[in-house]
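Here is a short report for a reader new to this structure. Look over the sequence and the model before reading on.

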Amino acid sequence: MSDAHLTERSRDGGREPVELTEEPIQLSTRDSGGDPDELSSGWSRRRKIGWTVALVVGLAGAGVLGVGGWRVAQQKDTQLASPDRVAGLTRDDSERAKSTADYLRNGLAANIELDRSFGTVYRDSADDKRSVLIFGGTTLLWQPERDLDSLFRLMSDETGAVNGLRELPAGDLGGVLKCGSTSGEGGDFAVCGWADHGSVVMAMFPGRSVTDAGGLLLNLRDGMQTRD
């Protein structure tokens, strides 16, 4: 191999040397695809589409919040009364009935913070064994169904498991209404409750089926609950 200096070697085949210039070397031969203004316009269109999608999603979310907010505002100011007579039943003002109702009311108030609470026994004049024990209270509830389910769990702890729990129509006052059954000293009896954004109420119906109890609770609610 020759040790001659590289500058002294003859040029191969007489090819012209490559001249380096100040112009940038284009490494790709692919066409850029058009005018820069068109690229800018394309990005602008994509941005517009993205913003449109975001706006639609945002409006949908706002709609859901709006409906929920309207429902809270409609239901939050609730009053519950215990009239002398309601749904064909008569309020039992005996000491024994008051003691039982107070026990249930206090148990509820200890587990759910309420602004006002009540407990009442209503007597069925046709059969004293079918008296209804109803208790509950009013407050602002953000998640009524969750609080009602908590109350059913409380009932399970006190009386035994509430079985066959199912949702039934809540009527014109809205919210959620559920019924199930449990066992007591006198045998099986129905347990029902309702909850909305302003109230939560539970009732026990000895000697009645779940279906009959659900219908009776709707009538009791219509006679006991009002809103501002």
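**Cores.** The model is predicted. Its largest nonpolar core has 23 residues. Phe135, Leu148, Met155, Val200, Met202 and Met204 touch the most other members.

| Element | Residues |
|---|---|
| α2 | 95-111 |
| β5 | 132-138 |
| α3 | 144-159 |
| β8 | 187-195 |
| β9 | 199-206 |

Helix α3 gives the most, with five residues. In soluble globular proteins, nonpolar side chains tend to be buried together.

Beyond its neighbours within four places in sequence, Val200 is in contact with Leu114, Gly136, Gly137, Leu141, Leu148, Leu151, Trp194 and Ala195.

**Disulfide.** The structure holds one disulfide. Cys179 is joined to Cys192, with 2.0 Å from S to S. The link is right-handed, with 115 degrees about the S-S bond. Cys179 sits in strand β7 (residues 176-184) and Cys192 in strand β8, so the bond ties together parts that are 13 residues apart in sequence. Both Cys179 and Cys192 are buried.

**Thr78.** This residue belongs to strand β1 (residues 78-80). Is Thr78 buried or exposed? Thr78 is buried, because its relative accessible area is 7%, and buried means under 20%. Leaving out residues up to four places away in sequence, Thr78 touches Thr138, Asp196, Gly198, Ser199, Gln225, Thr226 and Arg227.

Methods
Residues are numbered from 1 along each chain as its sequence is written. This is a predicted model: local features need pLDDT of at least 70, side-chain atom pairs count only at pLDDT 80 or more; totals for chains, interfaces and linings use all residues. Side-chain values use heavy atoms; hydrogens and water are left out. A nonpolar core is a set of buried Ala, Val, Leu, Ile, Met, Phe, Trp, Tyr and Cys residues joined through side-chain atoms within 4.5 Å. Buried means under 20% relative accessible area, exposed over 50%, partly exposed in between (1.4 Å probe, protein chains only). Helices (H or I, at least four residues) and strands (E, at least two) are DSSP runs, numbered from the N terminus. Contact means heavy atoms within 4.5 Å. A disulfide is a pair of cysteine sulfur atoms within 2.5 Å.
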